[in-house]
Amino acid sequence: MSKKTVLITGGSKGIGSACAELFASKGYRIVLNYFSSEKQAADLAFRLSRQGADVLPFKADVSDFEQVKQMVEAGERRFGAIDVLVSNAGISEQKLFTDISPEDWRRMMAVTVDAAFYCCRAVLPGMLSRKKGKIVLVSSIWGMVGASCEVHYSAAKAALIGLTKSLAKELGPSNINVNCVAPGIIDTDMNSHLSAEDLEDLKQQTPLRRLGTPQQVAETVFFLASEKSDFITGQVISPNGGFVI
Ligand code: NAP
């Protein structure tokens with residue numbers, strides 16, 4: 001069987017880099033997107049290449065459609081096709097709603113919602129022509145239940161759930177699966193601003209009494225990209241330790 005290619009946005013760190021490791025270990029070729037963490041992306045690409053993986057690191061701001069299109073074109077040129085899209089890049093910001101500026105709001109929507117739209121738009125012509133493809137969007141539990149002091153983040157992540165469900169209906173007849181992974185509290189840089197006390201509090205609010213690991217989220221993403229989930233589309237799967245049930 002010929003090798004498949006996955007495009008992972010935000011592959012330089014955290015959940016995206018754990019996805020890159022897992023997909024590489026399963027024989028996938030990888031378009032590894034990063035934006036500001038060039039060294040981390042280069043180090044990861046080097047390490048995976050040493051292990052035999054075919055990796056194309058690509059710097060692109062996912063909130064810019066031209067850059068996203070160039071990245072997808074580069075991936076298709078190098079590997080022939082993008083079989084799987086993992087739209088994972090994201091930012092977080094904690095602010096009272098009354099402190100969120102129009103610029104904060106726009107940036108959150110751009111990096112989260114616009115980016116997912118741009119990535120789907122860019123990979124879909126190829127997937128539609130092959131009548132095959134898997135799209136996984138990374139949302140959050142806060143997109144399911146809402147978070148105080150993260151209204152723009154929660155609203156943007158909720159939009160990804162709506163995008164998943166509607167796009168899955170539209171693309172089902174073309175044999176393209178669209179699903180969403182909505183992680184709970186995961187041990188990555190995104191939570192590095194939290195104090196030890198806050199982290200302990202979040203663990204206590206989680207029935208399994210621990211944070212999730214990026215690798216555990218990557219396993220869920222990989223399942224939704226694999227043939228084992230061929231009859232699953234339009235779903236939100238939430239690795240969250242029971243935080244949201
Ligand atoms: P992270 O370690 O902070 O990684 C974020 C990634 O997004 C980085 O690779 C970063 O790339 C990339 N990124 C940010 N802005 C970008 C842009 N404009 N263009 C391209 N890439 C961009 O965070 P993480 O925890 O792994 O988060 C990954 C995803 O999971 C996010 O969508 C996040 O919202 C979601 N999530 C995380 C948690 C959690 O508790 N950690 C929970 C639920 C959902 P550079 O550093 O190269 O710029």
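**Close-up views of a predicted model**

View 1. Asp198 is found in helix 7, which covers residues 196–205. This structure is a predicted model. Asp198 gathers with Glu197, Glu200 and Asp201 in a patch of negative charge on the surface. The relative accessibility of Asp198 is 38%, so the residue counts as partly exposed.

View 2. The 7 strands run in the order 3-2-1-4-5-6-7, and their pairing is parallel. Strand 3 (55–59) and strand 7 (236–237) are the edge strands. Each of these two pairs on one side only.

**View 3. Strand 1 pairs with strand 2.** Strand 1 holds residues 5–8 and pairs with strand 2 in the parallel sense, over 4 bridges. Two facing positions can be picked out here. Val6 stands opposite Ile30 of strand 2. Leu7 stands opposite Val31, also in strand 2. Strand 2 spans residues 29–34 and is mostly covered, with 5 of its 6 residues buried.

**View 4. Strand 1 is covered on both faces.** In a regular strand, side chains alternate between the two faces of the sheet. In strand 1, Thr5 and Leu7 lie on one side. Val6 and Ile8 lie on the other. These four residues are all buried, and both faces of the strand are covered.

**View 5. Strand 4 pairs with strand 5.** Strand 5 runs over residues 133–138. Strand 4 pairs with strand 5 in the parallel sense over 4 bridges. Leu85 has Ile135 of strand 5 as its bridge partner.

**View 6. A salt bridge joins Lys4 and Glu227.** The whole structure contains 10 salt bridges. One of them is formed by Lys4 with Glu227, with the closest N and O atoms 3.5 Å apart. Lys4 lies in the segment before strand 1, and Glu227 in the loop between helix 8 (214–225) and strand 7, so the pair ties together parts that are 223 residues apart in sequence. Lys4 has 23% relative accessibility and therefore counts as partly exposed. Glu227 is also partly exposed, with a relative accessible area of 46%.

**View 7. Arg78 meets Asp54.** The side chains of Arg78 and Asp54 form a salt bridge, at 3.0 Å from N to O. Arg78 belongs to helix 3 (residues 65–79). Asp54 sits in the loop between helix 2 (38–50) and strand 3. The pair links distant parts of the chain, 24 residues apart. Arg78 counts as partly exposed at 44% relative accessibility. Asp54 counts as partly exposed at 30%.

**View 8. Lys95 and Asp104 belong to a salt-bridge network.** The side chains of Lys95 and Asp104 meet in a salt bridge, with 2.6 Å from N to O. Salt bridges that share partners join Glu93, Lys95 and Asp104 into one network. Lys95 is partly exposed, with a relative accessible area of 26%. Asp104 is buried, because its relative accessible area of 16% falls under the 20% cut-off.

**View 9. Phe97, Trp105 and Val151 make a nonpolar surface patch.** The patch of Phe97, Trp105 and Val151 covers about 270 Å². Phe97 is found in the loop between strand 4 (84–87) and helix 4 (102–130).

**View 10. Cys149 has a positive phi.** The phi of Cys149 is about 65°, although the residue is not a glycine. Cys149 is placed in the loop between helix 5 (141–145) and helix 6 (151–171). At 29% relative accessibility, Cys149 counts as partly exposed.

**View 11. Arg209 also has a positive phi.** Arg209 is a residue other than glycine, and its phi is near 60°. Arg209 lies in the loop between helix 7 and helix 8. The relative accessible area of Arg209 is 46%, so the residue is partly exposed.

Key: Residues are numbered from 1 along each chain as its sequence is written. This is a predicted model: local features need pLDDT of at least 70, side-chain atom pairs count only at pLDDT 80 or more; totals for chains, interfaces and linings use all residues. Side-chain values use heavy atoms; hydrogens and water are left out. Patches are made of residues with over 30% relative accessible area and no salt bridge: like charges are joined within 9 Å, nonpolar side chains (Val, Leu, Ile, Met, Phe, Trp, Tyr) within 5 Å. Accessible areas come from the Shrake-Rupley method with a 1.4 Å probe; for residues, only the protein chains shown count as cover. A salt bridge is a side-chain nitrogen of Lys or Arg within 4 Å of a carboxyl oxygen of Asp or Glu. Lys and Arg count as positive and Asp and Glu as negative; His and the chain ends are not counted. The place of a charge is taken as NZ of Lys, CZ of Arg, CG of Asp or CD of Glu. Buried means under 20% relative accessible area, exposed over 50%, partly exposed in between (1.4 Å probe, protein chains only). Two strands pair if DSSP finds at least two bridges between them.
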